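Open your viewer and get ready to click along.

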Amino acid sequence: MEGAGPPVPMTDVRHKLREIIGISKHWSDHVKVMEERKLLHGLLPKSQKELPSRRMKDSYIEVILPLGTQPVLREKYLNTYNCVRFGRILEDLDSLGVLICYTHTKIDSGKMSPFSIVTALVDKIDLCKKVISPENDIKFIGHVSWVGRTSMEVKMHVCQLYDTVYHPVLDATFVMVARDPENKGPAFINPLVTEGPEEEELFKQGELNKGKRIASTTASLLKMAPTAEERLAVHNMFLNTLDPRTISFQSRVLPPDSVWMEDTKLKSLHICQPQERNIFNRIFGGFLMRKAFELGWATAYHFAGSRPFIVAVDDIMFQRPVEIGSLLFFSSQVCFTEKDHIQVRVHSEVAFPGTKEHKTTNVFHFTFLVEKEVPSVIPKTYGDSMLYLDGQRHFMGTMDQKAGGTAITQ
């Protein structure tokens, strides 16, 4: 699949988004600009049938991150290991995913888009490279691969230049939703037509992914009891922690080479400033992902005592927007381990100063690899046992899909 023009510099992606939406660069003007967007309601289609069909190549975009030729830009992406920060890549993927969807839903070039495209879900990010060098250019490519009535699946691939050839780094699948100009209700989007067996397979996979997400939600431990096998595993872990010197359910001891789950937690707090806003004057989803990843990475590092490498990211659901001025709380803990792998769960919630009400905004799941075997984590409470089983499910799902893939550094 080829794009209609030359690759776009990554620094231009957010500028293009501002042009499409008509958003001011200055926070002081945000109220006025959002009032102007209310006038775009009349441009929204009343049904999907009103809209022309689009092809996958219509939304295809190539973006270049010129780290090899721009040392000043390189500094923004460097970590302490002289590698590229994966959290920055997450931010770029989020911005690109939104631009791809605006390209799919584009209207007359002379008009601002009436759509508000927001990230609903990071379905999966699979990594196939251990480190990303800051000395070589990186290419992002992506397109819409599946369309429903108001939602779109976006496939993105990242590769890095070595000796004139681009080598794969990661594959990502995001789900985006279209909303009205004020981001208050759903909006219909252009249907997608496929061309050839490869595109038909991509579209079919999008349908299967949707079905898997529904099945996963239905089987969630927040709704359904654990399976018989899972219940037995939890009970056996409980029995293994009872003190043999007493006859009591309350007396608990750790087995060898184990850590209580509750002792693996790390937390952070962020005041949501205008600098981190997205084009709709809420906190940028990529910023949330970067902060969650960095806390998750620190949790794995603190737990293992050695440098972790990210293997996969999956099932990041954006449950509600984060407003400017709110307090954003992150809580991270190791919820499952197996040999040299660590499964970390990061929970984020938001509160406004002066209120005591906290609302969940996201739950993040990260799979890490370290270069030595790590202790087992043991749940002490029933709640921790459910987190353990949930972490195990995510880990096993990742391992089933990866089939021998490697990992990438922080």
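The stops below go from confidence to helices, core, rings, strands, cysteines and loops.

**Before you start**

This is a predicted model, in which local features need pLDDT of at least 70 and side-chain atom pairs count only at pLDDT 80 or more, while totals for chains, interfaces and linings use all residues. Residues are numbered from 1 along each chain as its sequence is written, and side-chain values use heavy atoms, with hydrogens and water left out.

**Stop 1: colour by confidence**

Colour the chain by pLDDT, the predictor's confidence in each residue, from 0 to 100. The mean for the protein chain is 89, and 94% of its residues reach 70 or more. Helices (H or I, at least four residues) and strands (E, at least two) are DSSP runs, numbered from the N terminus. Where pLDDT is low, the predicted coordinates should not be read in detail.

**Stop 2: helix 4**

Now select residues 86-104, which make up helix 4. How many of the residues of helix 4 are buried? The count is 19 of 19, where buried means under 20% relative accessible area, exposed over 50%, and partly exposed in between (1.4 Å probe, protein chains only). From first C-alpha to last, helix 4 reaches 27 Å, close to the 27 Å expected at 1.5 Å a residue; the expected span is 1.5 Å times one less than the number of residues.

Within helix 4, centre on glycine 97, which is buried with a relative accessible area of 0%. Glycine 97 touches Val154, Met156 and Met176, leaving out residues up to four places away in sequence; contact means heavy atoms within 4.5 Å. The C-alpha atoms of glycine 97 and glutamate 153 are separated by 9.2 Å, although these residues are 56 apart along the chain.

**Stop 3: the largest nonpolar core**

Select Phe86, Ile89, Leu93, Ile125, Phe140, Leu170 and Ile342: of the 94 residues in the largest nonpolar core, these touch the most other members. A nonpolar core is a set of buried Ala, Val, Leu, Ile, Met, Phe, Trp, Tyr and Cys residues joined through side-chain atoms within 4.5 Å. Zoom in on leucine 93, which is in contact with Ile125, Phe140, Met156, Val158, Leu170, Ala172 and Phe174, leaving aside neighbours within four places in sequence.

**Stop 4: the rings**

Next, show the aromatic side chains. Rings of Phe, Tyr and Trp (its six-membered ring) pair if their centres lie within 6.5 Å; planes under 30 degrees apart count as stacked, over 60 as edge-to-face and the rest as tilted. By this rule there are 10 aromatic pairs. One of them joins phenylalanine 86 and phenylalanine 293, edge-to-face at 5.0 Å centre to centre with 70 degrees between the planes. Phenylalanine 86 is in helix 4 and phenylalanine 293 in helix 7 (residues 285-304), so the pair ties together parts 207 residues apart in sequence. Phenylalanine 86 is buried, at 0% relative accessible area, and phenylalanine 293 is buried at 1%.

Move on to phenylalanine 330 and phenylalanine 364, whose ring centres are 6.4 Å apart with planes at 45 degrees, so this pair is tilted. Strand 12 (residues 327-338) holds phenylalanine 330 and strand 14 (residues 359-369) holds phenylalanine 364. Ring pairs link Phe86, Phe293, Phe330, Phe364, Phe366 and Phe368 into a cluster.

**Stop 5**

Select lysine 139 in strand 5 (residues 138-147). Is lysine 139 buried or exposed? At 17% relative accessibility, lysine 139 counts as buried. Its contacts, not counting residues up to four places away in sequence, include Glu62, His157 and Tyr166. In strand 7, find threonine 173, buried at 8% relative accessible area; Asp123, Lys124 and Glu153 are among the residues that threonine 173 touches.

**Stop 6: the cysteines**

The structure holds 0 disulfides (pairs of cysteine sulfur atoms within 2.5 Å). Cysteine 83 is in none, and the nearest cysteine sulfur, in cysteine 128, is 16 Å away. For cysteine 159 the closest cysteine sulfur is also in cysteine 128, at 9.6 Å, too far for a bond.

**Stop 7: a loop with a positive phi**

Finish at threonine 164, in the loop between strand 6 (151-162) and strand 7 (165-179). Threonine 164 has a phi near 70 degrees, a positive value in a residue other than glycine, and is exposed, with a relative accessible area of 75%.
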